Amino acid sequence: MVEQLPHADAIDPVSLVFAALADPTRRSILAALAQQGSARVTDLAQPFRMSLQAVSKHLKKLERAGLIKRDVQGRVHRCSMDPTTLRLAASWIEEQTKFWQNRFDALGKYLEEYDESRDKMRDEPDDDSL
Amino acid sequence: MTEQTLAEFTPDMLQLKRRYSARRDLLWRAWTEPERIKQWLSSSEWVLEKIALDLRAGGDYHFFFRSPEGKTSEVFGKYETVEAPSLLVFTWFVTGECGDVANTRVCVEFIERADGTEMRLRHERFASRTDRNNHLTGWLECMDRFVDLPASMMAQGAG
């Protein structure tokens, strides 16, 4: 039985990226980090007039998706953006395209096995029942 | 001879077209009969060892792959549309040591041409339309901001 798998997001890095990016606050945080390079968590919270807890929740999602890195030095928490992950999210398309192109080649080779004189695939037995 | 694959894609979907000189019903059989699927869906990296499929709308399928090193991978899903010999639509979920990919959707169309068959495959990143729309919005907005990341990081002042 194939139902919607309950932990699909937990095991799919690309879905995590998309889910993280789907929220406007998180996109703004990411934009701020892209411009500043890195920032303290307390500084990130300020423009949003959000509690540190609320910002932390967003940062956790961004971190889990691999979009930001967190660095703790003493009591100071700093975040910086990890640009690799966004590029990896785009690679799903490339990988799937390559996969199907290879399989299409294999399909073509397999179809060439079709035996015209017998009107059957080469590996099919002739009908002996008559 | 196989021809060039025509490809187009958006961030969440790819579309491939290819012409084959084989008849449409043969293409259909190649995609829907387990012993035939094994012949071409296998690769040297992943051998399709076991197939179970229930070819009808709502029916499940399950492909079990093994690599030469003994790693395993599974592809499974449900058939959404089964219209022989022209349209096959199914969800596609990959799991295993090669990396997990969430529920996606594959649509394969077989179109009769004078010299054979045109096969069109569309692979959608999200099987649910709502998910896809929500995520595509987020993705496109971020693409604008972040694709040229080195440039934006070097830019002075607020953006």
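Two residues are said to be in contact if their C-beta atoms, placed from the backbone, lie within 7 Å. This structure is a predicted model, in which local features need pLDDT of at least 70 and side-chain atom pairs count only at pLDDT 80 or more, while totals for chains, interfaces and linings use all residues. Residues are numbered from 1 along each chain as its sequence is written, and chains are lettered from A and ligands numbered from 1 in the order in which they are written.

Consider chain A. Among its contacts between residues at least 6 apart in sequence, 46% join residues at least 24 apart. The chain holds six helices and five strands; helices (H or I, at least four residues) and strands (E, at least two) are DSSP runs, numbered from the N terminus. Along the sequence they follow the pattern α-α-α-β-α-α-β-β-α-β-β. Of the 130 residues of chain A, 25% count as buried, a word that applies if 20 or more other C-beta atoms lie within 10 Å of a residue's own; with 12 or fewer the residue is exposed, and in between it is partly exposed.

The buried residues of α5(A) are A:Val55, A:His58, A:Leu59 and A:Leu62. Seen down the helix axis, these residues fall within an arc of 100 degrees, so they line one face of α5(A); the arc is that of the directions from the axis to the C-beta atoms. An α-helix has 3.6 residues a turn, so residues three or four places apart point the same way. After α5(A) comes A:Gly66, whose phi is positive, near 80 degrees.

Helix α3 of chain A, residues 24-36, packs against α5(A) at an angle of about 75 degrees, with the axes 10 Å apart. Axes are lines fitted to C-alpha atoms, for helices over the stretch in contact, and angles run from 0 to 180 degrees between N-to-C directions. The two helices are therefore roughly perpendicular, the term for angles of 65 to 115 degrees. A:Thr25, A:Arg26, A:Ile29 and A:Leu30 of α3(A) make the contact with A:His58, A:Lys61 and A:Leu62 of α5(A).

Chain B has four helices and eight strands, and 30% of its 159 residues count as buried. Between β5 (72-83) and β6 (87-96) of this chain lies a loop that contains B:Pro85. The peptide bond from B:Ala84 to B:Pro85 is cis, with omega near -10 degrees.

The nonpolar cores come next. A nonpolar core is a set of buried Ala, Val, Leu, Ile, Met, Phe, Trp, Tyr and Cys residues joined through C-beta atoms within 7 Å. In the largest one, of 28 residues, B:Leu27, B:Ala30, B:Trp31, B:Val108 and B:Met119 touch the most other members. The largest share of this core, five residues, comes from β6(B). A second, separate core of 20 residues includes A:Leu30, A:Leu33, A:Ala45 and A:Ile68.

Finally, B:Arg122 lies in strand β8 of chain B, residues 116-124. B:Arg122 is partly exposed, because 17 other C-beta atoms lie within 10 Å. Leaving aside neighbours within four places in sequence, B:Arg122 is in contact with B:Met13, B:Gln15 and B:Cys107.

Technical notes
Angles under 35 degrees count as roughly parallel, over 145 as roughly antiparallel, 65 to 115 as roughly perpendicular and the rest as oblique.
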